[in-house]
Amino acid sequence: MDTQKSVRFSLVVPCYNRAGFLVRCLSSIAQQSFDLGKVEVVAVDDASTDGSGVILERLGNDFLNFKLIKTNGPSGPGGARNKGAKEATGKYLFFIDSDDYITPKTLELINLKLEEAKDPDVCLFPFKTERPASSRKPKGVRKPFATNI
């Protein structure tokens with residue numbers, strides 16, 4: 001199978017010492033209603049010391065298209081994202097931090113918006129921030145937006 005032509009979404013997951021969050025993050029990707037054959041997961045272990053790399057290797061077996069990149073030393077969130085983006089082959093690049101998760105229809109709904117807009121160059125979509133009750137509440141959620149540049 002030529003994955004470069006069939007991959008719709010490349011999901012880059014940068015990770016540094018997030019072993020306690022990885023199962024939820026990658027499980028949320030694996031449970032998407034969208035065709036996972038059109039999804040590539042690019043995980044970047046940014047020299048974690050808590051066993052995150054081992055967890056990523058194990059969880060990567062759940063995906064048809066999975067790449068694991070291991071860095072020689074911590075490069076920070078931006079550096080890890082950039083390394084993942086360089087390896088991504090999908091039409092659309094999607095960053096999901098390793099301590100985040102997506103709901104089961106996220107990719108399906110984003111794909112519908114992309115199709116409605118005739119595959120724009122950029123698509124922005126709403127997200128929700130979950131925080132402990134003691135912390136500040138998020139200011140709001142943006143409406144979906146797609147455009148060509």
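Predicted model: local features only at pLDDT ≥ 70, side-chain atom pairs only at ≥ 80, totals over all residues.
Visitor: Where is Ser10 found?

Guide: Ser10 lies in strand 1, which spans residues 9-15.

Visitor: And where does Glu40 sit relative to Ser10?

Guide: Glu40 belongs to strand 2 and stands opposite Ser10.

Visitor: Is Ser10 buried or exposed, and why?

Guide: Ser10 is buried, because its relative accessibility is 0% and the cut-off for buried is under 20%.

Visitor: What else does Ser10 touch?

Guide: Leaving aside residues up to four places away in sequence, Ser10 touches Ala88, Thr89, Gly90, Tyr92, Leu93 and Phe94 as well as Glu40.

Visitor: Turning to strand 1, how many of its residues are buried?

Guide: Seven of its seven residues are buried.

Visitor: Which residues of strand 1 point which way?

Guide: Ser10, Val12 and Pro14 point one way, while Phe9, Leu11, Val13 and Cys15 point the other way. In a regular strand, side chains alternate between the two faces of the sheet.

Visitor: How many bridges pair strand 1 with strand 2, and in which sense?

Guide: Strand 1 and strand 2, residues 39-45, pair over seven bridges in the parallel sense.

Visitor: What about strand 4?

Guide: Strand 4, residues 92-95, runs parallel to strand 1 and is joined to it by four bridges. Tyr92 in strand 4 is the bridge partner of Phe9.

Key. Residues numbered from 1 in each chain as written. Heavy atoms only, no water. Buried < 20%, exposed > 50% of the residue type's maximum accessible area, 1.4 Å probe, protein only. Helix = DSSP H or I, 4+ residues; strand = E, 2+ residues; numbered from the N terminus. Pairing = 2+ DSSP bridges. Contact = heavy atoms within 4.5 Å.
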